[in-house]
Each structure stands twice: as C-alpha cells, then as structure tokens.
Amino acid sequence: MTTAQTTELSPKNLSDANERNKRRQGFLMAFPAYAYLLIFFAFPLGIVVVYSFATRNRFGGTDLSDWNFDSYIRLNDEVLRNILFRSFTLALLTTVICLLVAYPFSYFLATRTPTIRNVLLVFVMIPFWSNFLVRNYAWRVLLGSDGPVSRLTELLGLGETRILFTPTAIVLGLVYGFLPFMILPLYASLERLDWSVLEAARDLGATGFQTLRKVTIPLSMPGVIAGSILVFIPSFGAFVTPEILGGGREVLLGSFIVSQFLEARNWPVGAATSTVLMAVMLASALLYFRKGGRTL
Amino acid sequence: MATTKELRGGAKWALSLNAWLVYFFFYAPIALLVVFSFSDDNLVGRWGGFTTRWYGEFLDNDGVQNALGNSIRVAILSTVISVVLGTMAGLSLERYRFRGSRMFDALLYLPVIVPDVTMAVMMLIFFTSLDDLIGLQITRGFSTITLSHIAFSISFVSIVVRARLAGMSETLEEAAQDLYATRWQTFRFVTLPLILPGIIGGALLALTLSLDDVVITQFVSGPGSTTLPVFVFSLIRRGVSPLINAVSVVMLAASAFLVLLSLLAQRSRGGSVT
Amino acid sequence: MKLKKYTRLIAASMAIALVAAACGSSSDTATDGGDGGGGDAIQTASASSCEAGQIDGDLAIFNWTEYMDPELIVAFEEEFGVSVTEDNYDSNEAMQPIINAGGSGFDFIVPSDYMVGIMIDAGNLQPLNRDAIPNLQNLAPEFASGLPYDPDAEFSAPYQWGTTGLGVDLTVTGPDVPQTWGLIFDPELAAEFNLEGQFSTLLNDPRETLGAALKFLGYSLNTTSEAELQEAEELIASTLDRVAAFESDQYDELLVTGEAAVTHGYSGNFLFQFLDAENPEDFTYFVPEEGGTRWIDNMAIPFDAPNPCTAHTFINFLLDAERGAQLTNWNLYASPNEAATPFIDQEVLDDPIVYPTDTSLLEEIEDTGDFEINFSDAFTSARG
C-alpha cells in the first residue's frame with residue numbers, strides 16, 4: 001500500500017498528533033468530492049437499486065409497492081449469458097488492442113521534449129472535440145463497401161471488402177473511441193519515470209527488452225491498470241458504437257440495457273441488470289487495483 | 001538527459017512509425033469530416049462539388065448555435081469543477097488514509113462503471129423526486145445537465161491523477177516542508193507541478209466526455225437547453241447532413257486554436273507545463 | 001476531531017436511509033403508472049379553461065426533428081406575440097420518461113399513436129378543451145374520432161401520418177419487383193431478385209420488425225399470441241444472413257448509397273432521399289401487399305404544461321386549412337386535415353408514397369401492455 005509505505009518513509013519522530021492531523025487533512029481534501037458524489041451519484045444510484053426490486057405495471061410504469069426478486073431471476077437466461085459473453089470478449093479485445101497500441105505511443109510521447117510532448121498530446125485529443133456521433137458516422141463511410149478501405153483492398157487485388165456491420169467494425173470503432181482513455185493515464189505514469197533508473201539498468205548490461213520488461217513496465221503499472229479500467233468498463237457497456245458500426249446485428253450488453261429501459265419500458269429489469277453489472281465490475285476493479293496496482 | 005532516453009535503431013524507428021500510424025488513425029475520420037463539410041450534397045459520403053454553404057447555414061441556424069453555446073458552457077463549467085474536486089480526491093486517496101477512504105475509493109469507481117442510460121434514468125428520477133422528498137423544485141436545464149456531467153467527470157479526473165501520483169515518493173514535498181514552506185506553498189510549488197500532467201490529462205478527458213454526452217443530457221435537459229450532441233442525435237433521423245460536419249469542423253478548429261494559443265503563451269512566459 | 005468525523009459519516013448514512021425511506025413511502029403515489037413524478041394527480045383533472053386564441057405565456061415545443069416548418073413557428077410568434085422554443089427527440093420512448101417524470105417544462109408534444117395510449121394511461125396528458133380548438137372540425141372524419149388509442153379524441157389531435165414499408169433499389173432487383181415482405185423474408189424470392197448476401201436492412205425496433213414478420217406470416221401486428229410471435233421470431237432469425245443491419249436512422253441513406261438494396265423504413269424519409277438522388281426513378285417505396293404499419297403522430301399537451309392555453313392556441317393554429325397544407329408541403333407527410341387538401345401541392349397529393357392508394361392494408365401499432373416484454377425479448381432472441 002502506498003499510504004502505508006509513505007508513513008514508513010516519514011521521519012521517525014512522527015507523533016500520534018501529527019498522524020491524526022494528517023488523517024484529518026486527508027479527509028478534508030476528499031470531503032468536497034465525497035459529498036458531491038454522495039448527493040449527486042450515490043443517492044440517485046440508490047433509487048436505481050430500489051427500482052430493481054419493483055415491478056413493471058401493465059402500462060410500462062413501475063409499481064413501487066410490489067417488492068420482489070423477479071427482475072434478478074429473469075437475468076438468469078441463456079440469451080443474456082450469450083450477450084454477456086459476447087460483450088466481454090469484444091471489450092477484452094478492445095482493451096488489449098488499446099494497450100498494445102497506446103503503450104509504445106505513450107512511451108514515444110513521454111520521451112519527447114516537454115513542449116513537443118504537450119503539443120503532441122493535444123493533437124491526440126483534438127479529434128475528440130468534434131462530435132462522438134459524427135465520428136462514428138464518418139467511420140461508417142470509411143468502412144462501407146464503397147469506402148476508402150474497400151477501395152484500397154480492391155486496388156490490392158483483394159476484391160471489395162465491407163468491414164461495416166461486422167464485429168471487426170465494432171472493435172475498430174471501440175478502439176478508436178477509447179484509445180485516448182488508455183493513452184492519457186499511461187502517458188501520465190510514463191512521463192514521470194526516472195530515466196536514470198533505466199540508464200542504470202542499461203549500464204548494468206541489461207538489453208533493451210530486459211529493461212522494458214523488468215524496469216519500465218513495472219514502474220508504469222499504475223498507468224496500465226488505470227487505462228485498462230477506463231477502456232474495458234465503458235466498452236463492456238458501449239451502446240452507440242456497436243449499433244452504428246455493428247448494425248445492431250449482435251445484441252451487446254449496452255443495447256440490452258437500453259432496450260429494457262426504453263423499448264420494453266421494463267425499468268426494473270434494466271435496473272437489475274445495471275445493478276448486477278456495477279456490483280461485478282466494482283468488485284473486480286477494486287480487486288484488480290489491490291492485486292496489481294499496489295504491489296509496487 | 002535526452003541521450004539517456006535514446007533507443008537504438010530498430011526500436012526507435014518502430015516507435016515513431018507506431019506514433020505516426022496512431023495519428024493517421026485518429027485523423028482519418030476527421031479528414032473525411034472536413035472534406036465533406038465542403039461537399040455540395042445532402043449526403044455525407046457522396047461528393048457533390050465544392051461549396052461553403054454549410055458554413056453559411058451554420059451561421060444562419062439559431063438552433064445549432066444555441067446548442068453549441070450550451071455545450072461549451074456546460075463543458076467548461078463541469079470540467080473546471082470536476083478537475084478541482086477530482087484532483088483533491090485523487091491526492092487525498094493516494095497520499096492520506098482516513099476512515100471511510102475505502103468506501104470513497106469504491107464510490108469513485110461507480111460513475112465510470114454505470115451504463116449511460118442507467119445514469120440518465122436515475123438522474124431524471126433523482127431531480128424530479130427532489131420535489132417530493134424535500135420540496136426542492138429544480139427546473140431541468142443548464143444546471144441539471146452541469147450537475148450530472150460533474151458527477152461522472154470527477155471519477156475520470158481522479159483516476160488519471162492517481163495514476164500519476166501512484167508510487168511517486170513524497171520526499172520533495174517533505175524537503176519543502178523542512179525548508180519551512182507553508183502547506184499552500186508546498187502544494188503550489190512542489191506538488192502541483194509534479195501532478196500537472198495528470199491534471200491536464202484528467203481535464204482533457206472530462207472536457208471530452210462532457211462535449212460528447214448524449215443520453216444523460218437528453219434525459220436531464222429542459223426546454224431550450226439542448227446541447228450539440230443531443231441536437232445532432234435527433235437530427236440523424238433525417239440523415240447526417242454536412243451541416244453537422246461543418247459544426248464539428250468549427251469546433252475542432254476553435255479548440256485547436258485555443259489550445260495552441262495557450263501553449264504558445266506558456267512558452268513565451270519561459271516556462272513549460274511539465 | 002475524531003468525533004466530528006464520525007458525526008459526518010453518520011449524518012451521511014442517515015441521509016441515505018432517509019432517501020430510501022422516502023422512496024418507499026412515495027410508492028403509493030406512484031403506483032398508477034407514474035414512475036417518479038406526479039402524473040397521478042391529473043387523472044381526475046378536467047380540461048383547462050382556455051378560450052380560443054388565448055395566450056398564457058411563451059411556448060415550449062418538444063417534437064421530432066425536422067417535423068415542424070420553422071416558418072410556421074415564426075408566423076405563430078408574430079401573430080400572437082410570444083416566443084417559441086423547440087427541442088427535439090428521436091423516439092417516443094426517449095420522450096415519454098421525460099414528460100412522465102414531471103416538471104419537463106414543455107407545453108406541446110407530438111407522440112405517436114400507441115404512445116398516446118400509453119401516456120393517457122400513465123396520466124401524462126391533459127384533456128384538450130375542444131372549445132379552444134375550433135379548427136378540430138377541419139380533421140377528416142376518420143381522424144376526428146374513433147382512433148383506437150384515443151377513441152373519443154379527448155387527449156390528442158392528429159398531426160401527420162405515414163406508413164412503414166420497404167424501399168427498393170430497382171437497379172439491383174430489376175424494374176418489376178413484387179410488392180411483398182418476401183423480398184426480405186423469403187430466401188427463394190430474395191435469390192430471384194439478387195438480394196442474396198447482406199443487402200437488406202430492418203428497423204431496429206421490436207414492434208416494427210416483428211410486425212413486418214407477423215404481417216408476412218398473415219397475422220396481426222398487434223398479436224398477443226405467443227405461438228405467432230415465436231414464428232415471427234424464428235422467421236427473423238432465419239433471415240440474419242441476408243440482413244446487413246438493424247437500422248432505424250439511416251436506412252434511406254444506405255439504400256441510395258448502394259450499401260443495401262431493400263430497406264425497411266418510414267415513408268417520408270424515403271421520399272426525401274429519393275428526391276435528392278441522382279436518378280429518383282431508380283428507387284421505389286411501397287407498403288407490401290401483406291399489409292404494413294400506418295402510424296399517426298398526434299399533438300398533445302403534457303399534464304403539467306406551464307402554458308396550456310398557448311398550447312391550445314398553437315394546436316388550433318396548426319389545424320388551420322392553409323397552415324396544415326404548408327406543413328405537409330414542407331415535411332412531405334400526409335395530412336389528417338381534410339380542409340387542407342385544396343392547398344396541398346398536387347404532386348404531393350398524387351404521390352403514392354405520401355398518400356397510399358389502398359389504406360385497407362394498414363394497421364396501427366397498439367400498446368399490448370405486458371406483452372410488450374415478449375416483443376422485446378423475441379427481438380433480442382431473434383438476433384442471438
């Protein structure tokens with residue numbers, strides 16, 4: 001634990017009073033965000049959990065008087081298991097690709113001079129200040145049977161290819177949308193690497209690959225973990241990109257939840273699905289963090 | 001310093017190639033977007049000759065301009081607030097331990113995890129039930145949109161800030177305190193510069209998330225408070241018109257211009273961000 | 001210090017408990033269909049006491065995109081000296097929860113047929129004061145009353161109507177194409193007209209797409225028979241290798257750009273796209289001979305509209321003969337306004353896409369209550 005470590009690192013004459021003072025300081029710093037999230041997130045979330053035990057009435061409204069576990073029981077369904085499996089696979093694939101692409105990229109950024117670094121970082125973000133939907137529809141044109149990608153394969157003698165409306169298109173769109181979520185934390189942790197440690201490793205005869213594996217990657221682990229969480233979780237529940245680029249041919253978790261809330265107007269089932277999803281994700285994120293992020 | 005970072009031949013070459021490919025990937029759809037904002041055809045993807053009429057339409061269209069203005073106001077306000085709150089939360093969780101910090105840790109992840117539509121529904125119920133619960137009537141609009149955006153942005157900011165802080169030793173701060181720097185001075189001149197890349201990264205994420213959010217905004221907005229993404233979303237039923245491309249290009253150009261300007265300003269002041 | 005900290009935490013957890021308790025106690029007020037808001041109080045309310053032409057404030061419109069001629073809004077603003085804001089939604093399902101929650105601030109909404117039924121049941125709409133809308137007499141008799149979702153025309157007045165059917169690229173199929181859902185659902189017919197491979201799209205909407213399959217099988221699209229629905233689900237599952245996408249937004253664009261050759265969608269959007277195409281005669285739209293959906297969008301006033309009298313006046317304004325015609329000439333959807341007919345462009349009136357020659361094939365989608373869950377589940381299962 002970092003916090004535990006820092007207390008050890010502190011001067012030995014640290015008194016109890018000092019310690020208490022520090023705790024208070026920590027609490028006060030966290031308090032505004034804590035209070036904000038309690039009011040504007042935890043309360044509303046509590047309402048969703050309450051709804052997950054309620055019942056849909058004939059008109060698609062929600063009866064809050066009839067409490068039961070029906071919505072949770074309904075989740076144990078083969079169709080939903082398939083949906084979960086498919087969404088999980090696609091999200092995992094997206095995360096791995098993002099990591100493989102973003103790691104060398106962030107390393108490249110972190111090794112530029114400070115001014116160039118900032119400019120390059122800004123150029124990563126600029127495309128994302130256009131509009132999410134417009135970007136997705138632009139990919140639709142790029143990946144269509146008449147699009148540039150297809151023209152290119154035609155030129156190469158591979159014939160017309162339509163990536164649009166395939167799982168490949170979904171992963172490509174998700175990677176495009178979430179790559180910055182991987183780059184930013186990776187960059188933030190790589191940029192603060194102590195390069196003299198790397199140099200020392202090289203001086204001691206380590207090959208470039210050994211230095212990377214034994215020094216660079218372990219030191220940048222917090223960035224890897226934060227990035228993976230920021231990519232995996234939203235792509236697991238992604239809705240818009242799979243619908244636009246995948247053509248809605250495969251139902252993914254995000255579409256399922258949207259269809260429960262809006263099409264079937266079955267809020268209890270939508271709420272139950274979200275509750276389970278969040279509980280599982282939170283547990284694994286915390287576990288992942290404890291195991292991976294804090295072994296430094 | 002620079003020499004220590006130098007890699008040998010092949011690896012160095014591969015790194016640059018990867019970087020250029022990533023930029024190519026990022027800008028491919030943007031190029032398409034820019035090109036078709038000048039196309040004289042109602043369909044994006046069908047070239048109809050050069051025109052600037054979509055930019056003219058943008059200037060004439062009050063709906064788009066209102067939505068754009070709303071988007072920018074919400075994005076800036078929610079980013080500023082969530083950066084302050086998120087950075088403090090990140091610092092506190094990474095540097096201090098207090099009772100309830102575990103619970104707070106968990107609470108901070110939830111906004112990242114919650115599906116969009118679920119958050120949309122729950123914020124809608126929340127804002128309307130405030131009236132039933134404590135008699136507080138909130139008119140849905142700018143305020144509810146901003147409040148909701150802050151609620152999800154705080155987490156993203158604090159996660160990026162923590163990734164920056166994790167494992168970073170406190171020796172510098174302690175040295176400063178030993179030299180009788182006040183707590184504020186220590187923060188301002190030691191801690192802040194150290195974590196600034198993390199804060200900037202978090203701010204960029206928060207800004208992007210706010211500028212892109214459709215579902216949550218749609219549910220908590222009121223008459224006249226439509227943001228640009230919501231406007232675009234409802235417009236897509238009639239097809240993606242190059243008008244929307246033109247708006248996107250204007251936003252891209254304006255944001256790129258502002259950011260580059262601020263970078264230049266920093267440079268001329270002689271300091272760099274890191 | 002410690003004590004203070006605990007107090008805070010306790011205060012926080014008490015607040016949570018309080019909210020939970022309050023949610024529980026609000027249950028009795030929310031049972032009659034309101035999800036969280038106060039839709040219930042309105043069930044008993046009577047029509048507002050507005051007079052024709054009365055204005056009680058500015059107008060906030062919540063409507064489908066590009067469905068209202070902006071010039072009509074300007075004309076209304078000038079004639080009555082009010083300011084009008086318009087916001088848009090992209091589906092009935094996205095609009096209803098917002099109104100249902102209460103406090104939306106909107107005065108005028110345009111829900112489709114089945115959604116009117118749902119919103120009446122949920123107490124989301126206020127009864128119209130017919131005295132304040134003298135132009136209701138301009139409606140054609142079939143639209144003036146007796147509509148299944150609002151039989152006594154108590155809560156809504158039709159705005160525009162249209163159909164759901166198939167758009168076809170004739171350069172792929174050849175000019176003589178049979179007007180049937182079989183182009184999508186019958187593999188042999190699809191092969192005969194070059195529609196193998198992924199060349200068709202269906203709407204990403206459980207009621208519309210299962211409805212199309214039900215019609216092809218000869219059933220009602222409002223069926224509540226599980227066996228019939230099961231058959232429709234299997235039919236859709238069996239066409240997956242010919243379906244490129246389930247698409248509710250860009251079916252018309254995919255058709256004219258050659259990405260798809262037969263697409264399922266709404267009449268007016270196809271017409272707009274065809275008129276824009278290089279060779280409009282290469283494309284056609286029809287409601288298949290097995291029958292299809294007719295949808296009717298309606299003007300209505302939310303239960304808690306801040307300015308209901310202005311909303312009544314606006315409805316009356318739009319039901320005027322010439323303005324009704326102006327609307328149809330602008331958005332190319334059929335008008336329920338009989339008095340408007342003489343003012344509608346002849347080419348619009350003659351266009352079978354706008355005004356189908358045989359309306360006996362058409363059926364409106366109705367809310368099926370609990371069976372909606374079966375529709376949604378079947379649509380999910382059909383796609384695996």
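I began with chain C, where buried residues make up 55% of the 384 residues. I kept in mind that this is a predicted model.

Next I looked up the secondary structure of chain C and noted 17 helices and ten strands.

I then turned to contacts inside chain C, keeping to those with a separation of 6 or more. Of these, 75% join residues 24 or more positions apart.

How many residues of chain C are in contact with chain A? I found 40 residues of chain C in contact with 37 residues of chain A.

I wanted to know which parts of chain C do the touching. The elements giving two or more residues to this side are the helices α1 (2-25), α2 (27-30), α4 (92-100), α5 (113-121) and α17 (371-382), along with the strand β6 (243-246). Among them, α1(C) gives the most, with six residues.

I also sorted the residues on this side of chain C by kind, and wrote down 16 nonpolar, 14 polar and ten charged.

My last stop was the contact of chain A with chain B. Here 90 residues come from chain A and 92 residues from chain B.

Which helix gives the most to the side of chain A that touches chain B? I found helix α2 (residues 16-52) of chain A, with 20 residues.

I sorted this side of chain A too: the residues that touch chain B divide into 64 nonpolar, 19 polar and seven charged.

Key: Residues numbered from 1 in each chain as written. Chains lettered and ligands numbered in written order. Predicted model: local features only at pLDDT ≥ 70, side-chain atom pairs only at ≥ 80, totals over all residues. Contact = placed C-beta atoms within 7 Å. Helix = DSSP H or I, 4+ residues; strand = E, 2+ residues; numbered from the N terminus. Nonpolar A, V, L, I, M, F, W, Y, C, P; charged D, E, K, R; others polar. Buried ≥ 20, exposed ≤ 12 C-beta atoms within 10 Å, placed from the backbone.
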